[in-house]
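I opened my notebook to get to know this structure, one look-up at a time.

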Number of protein chains: 2
Amino acid sequence: MELAERKLKILNAVIKNYLETGEPVGSRTISKYTDLNLSSATIRNEMADLEEMGYIVQPHTSSGRIPTDMGYRLYVDNLMREKETELNKKERELNEVQEFLNDKVEKVEELLQNTAKLLANNTNYATMITTPINHRGRRLKFIQLSLFEENKLLCVIVAEGNIIKNRIITLKETIDNETVLKLNIIFNTSLNGLSLEEMNIGLISKMTGQAAEHMQLVRDIIDVVGLALADEDDFKVYTSGTTNIFKYPELSESSTASEIINTFEEKNLLTNLLVDKEDSSQNKEVIQVYIGNETSVQSMKDCSVVTATYEIEEGVTGTIGIVGPKRMDYEKVVEALKAVKSQLDDRFKKHD
Amino acid sequence: MELAERKLKILNAVIKNYLETGEPVGSRTISKYTDLNLSSATIRNEMADLEEMGYIVQPHTSSGRIPTDMGYRLYVDNLMREKETELNKKERELNEVQEFLNDKVEKVEELLQNTAKLLANNTNYATMITTPINHRGRRLKFIQLSLFEENKLLCVIVAEGNIIKNRIITLKETIDNETVLKLNIIFNTSLNGLSLEEMNIGLISKMTGQAAEHMQLVRDIIDVVGLALADEDDFKVYTSGTTNIFKYPELSESSTASEIINTFEEKNLLTNLLVDKEDSSQNKEVIQVYIGNETSVQSMKDCSVVTATYEIEEGVTGTIGIVGPKRMDYEKVVEALKAVKSQLDDRFKKHD
DNA sequence: TGTTAGCACTCACTCGATAAGAGTGCTAAT
DNA sequence: ATTAGCACTCTTATCGAGTGAGTGCTAACA
């Protein structure tokens with residue numbers, strides 16, 4: 001069934017009003033604060049239709065209407081206008097972000113944490129942001145072995161994208177510095193540019209051949225390198241503004257709040273909010289909105305989650321997420337996410 | 001004024017009972033569930049005295065009594081018995097901890113996070129734990145420079161205690177591998193074993209003398225090393241079980257809970273809970289209890305904080321903390337902290 | 001045929017009154 | 001010194017009445 005123009009306008013008005021107030025909205029309100037010039041009785045008829053179609057409901061007989069998940073969906077997909085009229089405001093926000101992000105933040109960790117905080121403060125919702133990860137297998141760029149103690153070998157492993165990992169190998173045999181130098185050369189000439197999968201048996205036997213006396217050590221090092229490349233211990237989720245959810249009565253009830261906050265504390269639960277959409281990779285560009293049960297994370301069933309993917313280079317992406325009540329200000333959130341996303345993209349590219 | 005034996009017993013009974021139930025406790029309850037064999041009327045008289053002395057109060061006229069902060073203090077300092085009778089139970093817990101901590105946890109980060117979680121699950125309070133930090137200035141143990149890109153120099157800095165940091169210096173001039181080798185030798189012979197303060201002007205000029213063409217670079221590297229040694233970016237606070245506070249009605253009210261959880265989210269606020277006692281270093285061995293306003297962190301005024309310091313080697317310590325309602329089970333908490341502390345101490349010493 | 005005025009009805013919410021229950025302080029008796 | 005007894009206080013739960021927002025439906029209207 002096609003929705004008539006007028007119905008859409010009314011639905012839009014209902015949702016807009018509900019987003020602001022959080023109270024069920026009645027026919028009289030719509031009739032007054034809308035340019036439709038219709039009496040409340042007419043609005044009532046239309047609202048009854050909209051209810052029958054599933055876009056709005058009454059919390060109890062004879063109260064105003066609130067949007068259903070389906071109603072929100074329609075709003076987000078078709079009704080919502082991004083506030084492109086308020087260009088100056090948008091630009092102001094952009095500048096603020098820009099200024100903030102350019103400010104003496106050297107470490108990625110700090111940058112991301114600050115971004116989350118900025119976003120939380122500006123939106124009044126809970127936010128999260130992941131470190132960027134490489135979806136294609138990581139390649140080894142450089143390796144440096146050094147003997148820094150009698151029997152301890154430090155392996156510094158630099159992967160593509162200048163991701164640096166340190167591993168310490170405790171030696172069973174003693175080796176001299178000359179050997180270390182030799183190993184360095186062997187490893188850097190043989191392994192560089194290879195991904196985990198490409199380090200195969202043939203290669204290993206060839207390398208152990210070059211350093212016959214230290215077969216075992218070479219194997220150990222390759223193992224360590226392999227594990228280090230595969231290891232995603234540098235994948236982290238930063239959160240901020242968790243307690244913002246207390247600003248929304250519908251989420252403040254102790255059991256609800258507890259579940260949500262718990263999800264934010266258990267970072268691995270949080271990633272579920274962010275990964276499932278990696279699969280549906282139709283368009284990473286776009287900002288995704290998950291309403292209520294659409295999130296597949298049970299504890300978020302009363303929330304909406306809006307995510308954006310930022311990409312610091314081909315195939316290396318991270319996710320930014322905002323969690324709030326279903327009646328969140330989608331326009332503002334989408335706008336803010338776009339601003340932060342684009343700044344983040346730029347920022348990384350500059351520094352690369 | 002000295003407290004008579006009987007008053008102490010009654011106070012103890014009041015507090016014990018309140019810890020369990022969270023409800024104001026009346027004279028009748030005490031009279032029945034205590035071996036004093038006194039009527040409720042007598043208890044009432046004694047309780048009136050105890051109230052006058054400031055150990056207990058009535059939330060409103062004609063209700064039972066609850067302990068004041070002063071009452072809790074007396075309890076913690078003098079009345080509380082550690083459950084040494086229940087040796088088997090204690091031992092069981094110890095074993096559980098031990099088993100848990102020995103289980104395939106390689107990285108410190110994971111170990112600490114797991115410890116926090118274990119403690120939170122066992123106590124039903126919110127927990128936190130800091131990484132160990134060195135209170136004496138850190139010394140440089142080893143440095144490794146390598147050119148891993150045309151104009152990018154990787155500095156791997158190993159400090160005492162095998163704390164490893166990576167820094168990347170973007171070069172203004174180009175240098176060859178030979179120079180890097182030379183620099184490595186200069187740095188390792190000149191700087192090793194020195195703390196930040198000992199890297200003085202004289203030393204720097206001597207070093208730039210040895211590598212005359214690269215004065216600026218040498219200075220830059222020394223700067224980077226200095227910053228890296230001073231930088232405590234590896235100081236982290238891990239938390240767990242924040243949402244446990246919802247299990248206690250007196251903390252569940254949205255505004256109270258929000259403040260507490262917010263403090264847990266802002267890790268730097270949390271450190272305030274843990275550092276102020278570093279000063280009063282009389283006895284690090286002992287477990288510290290902060291009741292209500294004693295914590296100096298405003299948001300924790302309705303909570304008690306119990307902390308323990310673990311030491312992985314002379315001068316390198318971290319802190320474990322438990323936050324709960326003032327009516328927390330102090331005995332259990334102290335016991336649990338002791339168990340975890342000792343396990344943690346051992347664990348690190350073993351691996352060193 | 002679409003729109004509107006009018007009206008009866010529903011439901012949540014507030015407020016006050018009432019009753020029950022837990023606990024106290026005080027007095028007088030033991 | 002201890003205790004029984006009693007009047008008193010304060011909280012909490014429950015109930016009913018009153019109010020207000022909002023609806024659905026019907027009948028009149030353009």
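**The surface near DNA strand D**

I began by sorting the residues near DNA strand D by class, and they divide into three nonpolar, 12 polar and four charged. I kept in mind that this is a predicted model. In total, 19 residues surround DNA strand D, and the closest are A:S27, B:S39, B:T42, B:T61 and B:S62. I then checked which atoms of DNA strand D come within 4 Å of the protein, and sugar and phosphate account for 76% of them.

Next I went through some polar contacts. In the side chain of A:S27, an N or O atom is 2.6 Å from a phosphate oxygen of DNA strand D. For B:H60, I found an N or O atom of the side chain 3.4 Å from a sugar or linking oxygen of DNA strand D. B:R44 reaches a base: one of its polar side-chain atoms lies 3.2 Å from a base oxygen of DNA strand D. I noted that α3 of chain A and α3 of chain B are the elements that give two or more residues to this surface. The largest share, four residues, comes from α3(B).

**The surface near DNA strand C**

Then I turned to DNA strand C, which 20 residues surround; A:R6, A:S39, A:T42, A:S62 and B:S27 are the closest. Here too I looked at the atoms of DNA strand C within 4 Å of the protein, and sugar and phosphate make up 76% of them. By class, I wrote down three nonpolar, 13 polar and four charged residues.

Which helix gives the most to the surface near DNA strand C? I found that α3(A) does, with four residues. Both α3 (40-53) of chain A and α3 (40-53) of chain B supply at least two residues each.

A polar backbone atom of A:S39 is 3.0 Å from a phosphate oxygen of DNA strand C. The side chain of A:S62 has an N or O atom 2.5 Å from a base oxygen of DNA strand C.

**Strand β6 of chain A**

On one side of the look-up was β5 (residues 140-149) of chain A, which pairs with β6(A) in the antiparallel sense over eight bridges. A hairpin of two residues joins β5(A) to β6(A), and A:E149 has A:K152 as its bridge partner.

I then checked β7 (residues 163-170) of chain A, and β6(A) pairs with this strand over eight bridges, also antiparallel. Three residues lie between β6(A) and β7(A) in their hairpin, and A:G161 in the turn has a positive phi of about 85°. Across from A:R167 in β7(A) stands A:C155.

Is A:C155 buried or exposed? I found A:C155 buried, with a relative accessible area of 1%. A:C303 is buried as well, at 0%. I counted zero disulfides over all chains. For A:C155, the nearest cysteine sulfur is that of B:C155, 18 Å away, and A:C155 is in no disulfide.

Terms used
Residues are numbered from 1 along each chain as its sequence is written. Chains are lettered from A and ligands numbered from 1 in the order in which they are written. This is a predicted model: local features need pLDDT of at least 70, side-chain atom pairs count only at pLDDT 80 or more; totals for chains, interfaces and linings use all residues. Side-chain values use heavy atoms; hydrogens and water are left out. Two strands pair if DSSP finds at least two bridges between them. A residue is near a molecule or strand if one of its heavy atoms lies within 4 Å of it. A polar contact is a pair of N or O atoms within 3.5 Å; within protein, one must be able to donate a hydrogen and the other to accept it, and residues adjacent in sequence count only if both atoms are side-chain atoms. Ala, Val, Leu, Ile, Met, Phe, Trp, Tyr, Cys and Pro count as nonpolar, Asp, Glu, Lys and Arg as charged, and the others, Gly among them, as polar. A disulfide is a pair of cysteine sulfur atoms within 2.5 Å. Buried means under 20% relative accessible area, exposed over 50%, partly exposed in between (1.4 Å probe, protein chains only).
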